[in-house]
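The sequence and the model are shown first, and the description follows.

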Amino acid sequence: MKNRLSRWTFSILISSAFLVAAGALSLCIGSAGIPITKIISILLDGRGTSEYSILVDIRLPRIILGFAIGGALSLAGVILQGMFRNPLVEPYTLGISGGAALGTSICIILKLNRLIPDIAMPLSGFIGALLVILLVYFINTRRGIFMIQGLLLTGVMISFISSSLVILILAISRTEDLHGIIFWIMGSLEEPNWVLIWVATTASLACLAFSYLFCLDMNALSLGEEEAIHLGVDVEKKKKLLFLIASILTGISVSVTGLIGFVGLIVPHFMRMFVGFDHRILLLSSFLAGAGFLIFCDMLARIVIAPIELPVGVITGIIGGSIFIYALNKRSSF
Amino acid sequence: MLKMSDLSCGYGTKIIINRINLHIKKGEFVCIIGPNGSGKTTLLKAITRIIKPAKGNIFLEGRDLNNIDKREIAKKMAVVSQNLPIVSMTVKEFVLLGRTPHYKTLQLLENESDIEVVEHAISMTGIERLQNSLMSEISGGEVQLSLIARALAQEPWILLLDEPTAHLDITHQVNILDLIKRLNKDYQLTVIIILHDLNLASEYCDRLILMNNGQITKTGTPEEVLNSIDLEEVYKTLVVVEKNPLSNKPFVLIVPEEVKKHCGR
């Protein structure tokens, strides 16, 4: 057991180191390179200089948001994959992202975002996500029992329906709205509003803490629902609470940053390969690694074809997918 | 210890077991036998609360199971089920999961006594050398032993087993049933087991419960239940019941079609 504790400490250290490295790189690299050695002095007494405002007003918010969203998405992924015992489930499988996309598109074509700038889009995205969560939840609850396999199918179908509706909206909307919707769908960590950044960060950290109340139940659930009942887990209650946590995480993520795919699929899967099934370590290390991964991808998105910025979802997809296939081939036993 | 009164249940609106009354005493070694689809597993699932009773109640030490906290139940009743989970964890990690109901709220790590219980369960089942092997890489018999070890780690008073010897060779069959018998004798562990093999049931169990069409057809000692009249009626198959010369327990022999013709029956 000693050996296990040291293994756990090691994997937390590794994922934290990855997170810090990604954060530091992301602060230094960009259209204006700032050497890492100068960063601290700029932050301490460079107030007013252009370098200070690049760091604090442009790069830092993205890093903090990347931390919150990357962590949130991969945490949601761990929870859902554990709950469904299906490695292909990710936060967007449940249709929550589709709901958010639909909400935002409606907000854009109704021009609500001009009425209340900054807040209207995330808010309508969140309302869309919330409606889908409630819909999925009530469709799949029969006589107090939450039917988890149906959940997956309903989620996928709701995704299809909402993406069709989004395409319908795209087809009938005018050019300037079209740009706004597509931009949102591509996903970006650019967020001018500090309040939203802090809301997202607080919420995802709170969900991380909350999820630890259920880590042993999730371990038992990895043997299947029946075995978990045999081990004394109140499966019905725990499934609902876990679904709630995953939904909040996903809802907040998509409404603040739009659709950033793959983080919630790849990172949990990858961490499971490294640290094993035990959710006591899996939850935290996935959160850290997911945060680092998204910050890193966002940095690449900014510099690959600078000064034009790529959608970060493109980078997460390409990098995540390739690393994943490579790792899967190396460890075919998984 | 465990009492079922007028218990009916099934899946959805379909009733599988119908008005069952059964009383199981502390320290008993009870075996449920019967043809496929007779409701054996359903009865077990009702006891372990995988399915809720449609009618009737189950009492554990006089208290209705519905009113007992689920973790409380898991500390008293452990299940060795038939569908083996395919998981990539080591045998020891798997057995440790048996401690789940014993963790206190906000307790994240197992303490000394948890580890002691787990190590004891592992040594009782004789799987020490497998501790660090992956569950997905050990043989069927070893998986069964690990399942039993996990159940023992719950420190139960009642052990429920659903065909623990299915698909195993005779060495493992005897090993596993000897182990369960020992636990039953040494620790007064109440055992409720489903077996398809009537001869194993006859050799090891104090009391047999013969089920057919969701009802209990007969219950009693192996000598009382295992006779060709009752068995032929329930299983619709010709059998011959002899005695095991060493243990004096009934021994059920089947008769193939060709032999039947040969004997003129």
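## The end of a helix in chain A

Helices (H or I, at least four residues) and strands (E, at least two) are DSSP runs, numbered from the N terminus. H8(A) covers residues 175–186, and at 1.5 Å a residue its 12 residues should span 16 Å; the end C-alpha atoms are 17 Å apart, which agrees. The expected span of a helix is 1.5 Å times one less than its number of residues.

This is a predicted model, in which local features need pLDDT of at least 70 and side-chain atom pairs count only at pLDDT 80 or more, while totals for chains, interfaces and linings use all residues. Residues are numbered from 1 along each chain as its sequence is written, and chains are lettered from A and ligands numbered from 1 in the order in which they are written.

## The two chains

The following table sets out the chains by their overall properties.

| Chain | Secondary structure | Span of the C-alpha trace along principal axes | Buried residues |
|---|---|---|---|
| A | 15 helices and 2 strands | about 65 × 55 × 35 Å | 46% of 334 residues |
| B | 10 helices and 12 strands | about 70 × 45 × 30 Å | 38% of 265 residues |

A residue is buried if 20 or more other C-beta atoms lie within 10 Å of its own, exposed if 12 or fewer, and partly exposed in between, with C-beta atoms placed from the backbone. For chain B, the radius of gyration is 20 Å, close to the 18 Å that the globule rule gives for 265 residues, so chain B is as compact as a globular protein of that length. A compact globule of 334 residues would have a radius of gyration near 20 Å, and chain A agrees with its 20 Å. The radius is taken over C-alpha atoms, and the globule rule is 2.2 Å times the number of residues to the power 0.38.

Two residues are in contact if their C-beta atoms, placed from the backbone, lie within 7 Å. Among contacts in chain A between residues at least 6 apart in sequence, 77% join residues at least 24 apart. In chain B, residues 24 or more positions apart account for 65% of the contacts with a separation of 6 or more.

Leu44(A) belongs to helix H2 of chain A, residues 36–45. With 9 C-beta neighbours inside 10 Å, Leu44(A) counts as exposed.

## The sheets of chain B

Two strands pair if DSSP finds at least two bridges between them. Six strands of chain B form an open sheet with mixed pairing, in the order S6-S7-S8-S3-S9-S10. Its edge strands are S6 and S10 (215–220), each of which pairs on one side only. The twist averages 15° from one strand to the next. Helix H5(B) packs on this sheet, touching S6 and S7 of chain B, and its direction makes about 170° with that of S6(B). Axes are lines fitted to C-alpha atoms, for helices over the stretch in contact, and angles run from 0 to 180 degrees between N-to-C directions.

S6(B) and S7(B), the latter residues 158–162, pair in the parallel sense over 4 bridges. S7(B) is also joined to S8(B), residues 190–194, by 5 bridges, and these two strands run parallel. Ile158(B) is the bridge partner of Met77(B), and Thr190(B) in S8(B) is the bridge partner of Ile158(B). From S6(B), Met77(B) and Val79(B) point one way and Ala78(B) and Val80(B) the other way, and all are buried.

A further open sheet has 4 strands in the order S2-S1-S4-S5 of chain B, with antiparallel pairing. S2 (14–24) and S5 are the edge strands, each pairing on one side only. S1(B), residues 2–11, and S2(B) pair over 7 bridges in the antiparallel sense, with Ile15(B) as the bridge partner of Gly10(B).

## Positive phi in two loops

Most residues other than glycine have a negative phi. Glu61(B), although not a glycine, has a positive phi of about 50°. Glu61(B) sits in the loop between S4 (55–60) and S5 (63–64) of chain B, and is exposed, with 11 other C-beta atoms within 10 Å. Glu155(B) likewise has a positive phi of about 50° without being a glycine. Glu155(B) lies in the loop between H5 (140–153) and S7 of chain B, and is partly exposed, with 17 other C-beta atoms within 10 Å.
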